[in-house]
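Hello,

Here is the structure for you to look over. My notes follow it.

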Amino acid sequence: MVQKLAATAERVYVDGEKALEARFQEAVEALRARGIRMTPQRHAILAYMLKTRSHPTADEIYKALSPGFPSMSVATVYNNLKLFKEVGLVRELTFGDQASRFDGQLHDHYHVVCVVCGRIEDVEYPPDGRLPVALLRQEVLRQTGFRPLEHRFEVYGICSDCQKAGRSPERPAPAADASADEKPRRPAAIVPAAEETGA
Ligand SMILES: [Zn+2]
Ligand SMILES: [Zn+2]
């Protein structure tokens with residue numbers, strides 16, 4: 001699993017090392033401006049979050065980093081993620097009563113969630129443009145009077161690995177962990193028409 005996360009991050013950032021380094025420096029500055037000092041563990045968690053595309057839970061980050069930091073605890077990871085969230089460096093993705101996942105990619109993007117294994121991948125949509133979010137906001141305001149602050153849009157499906165392995169929500173992997181026994185997540189049903197139709 002850890003190997004897989006690293007490979008994904010590498011694939012995405014093979015041409016983006018410069019951008020990643022710049023984002024890291026900005027993040028360090030943002031923390032410093034808030035009087036938060038950089039410890040080696042905090043540094044590692046921040047670097048991991050800026051690089052990963054896997055939307056990990058605190059526990060997954062802990063498992064990936066703890067071999068290099070024997071004194072690290074899940075609580076350390078979680079507290080740092082909360083701190084990063086407060087400063088606006090990561091986003092927290094909640095899925096009902098399941099463990100929160102964290103996203104270090106702050107640009108507008110969407111998620112596709114595998115209902116069998118729980119994998120989450122980013123979807124850039126439209127691939128080279130911006131969604132008509134302004135239109136969506138207008139419509140929300142017009143129909144409900146709400147002042148929109150943020151929105152989420154998730155597509156639920158079966159990932160390519162699960163398809164190849166013949167896994168489905170009804171027939172999850174035999175040796176899967178306890179989470180496979182849970183009912184597949186149902187869509188959060190946030191499907192704004194303005195986004196569906198695109199620009
Ligand atoms: Zn899957
Ligand atoms: Zn994401």
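The protein chain has eight helices and five strands. Helices (H or I, at least four residues) and strands (E, at least two) are DSSP runs, numbered from the N terminus. Their order from that end is α-α-α-α-α-β-β-β-β-α-β-α-α.

This is a predicted model: local features need pLDDT of at least 70, side-chain atom pairs count only at pLDDT 80 or more, and totals for chains, interfaces and linings use all residues. Residues are numbered from 1 along each chain as its sequence is written, and chains are lettered from A and ligands numbered from 1 in the order in which they are written.

Of the 199 residues in the protein chain, 17% are buried. Buried means that 20 or more other C-beta atoms, placed from the backbone, lie within 10 Å of the residue's own.

Now to α4 and its partner. Helix α4 (residues 58-65) and helix α5 (residues 74-87) have axes that come within 9 Å and cross at roughly 120°. Axes are lines fitted to C-alpha atoms over the stretch in contact, with angles from 0 to 180 degrees between N-to-C directions. The two helices are therefore oblique, a class left over after under 35 degrees (roughly parallel), over 145 (roughly antiparallel) and 65 to 115 (roughly perpendicular).

From α4, Ala 58, Asp 59, Ile 61 and Tyr 62 meet Val 74, Val 77, Tyr 78 and Leu 81 of α5. Contact requires C-beta atoms, placed from the backbone, within 7 Å.

Ala 58, Glu 60, Ile 61 and Ala 64 are buried in α4. Down the axis of α4, these buried residues fall within an arc of 160°, so they line one face of the helix. The arc is taken over directions from the helix axis to the C-beta atoms.

Best wishes

Definitions and conventions
Contact = placed C-beta atoms within 7 Å. Buried ≥ 20, exposed ≤ 12 C-beta atoms within 10 Å, placed from the backbone.
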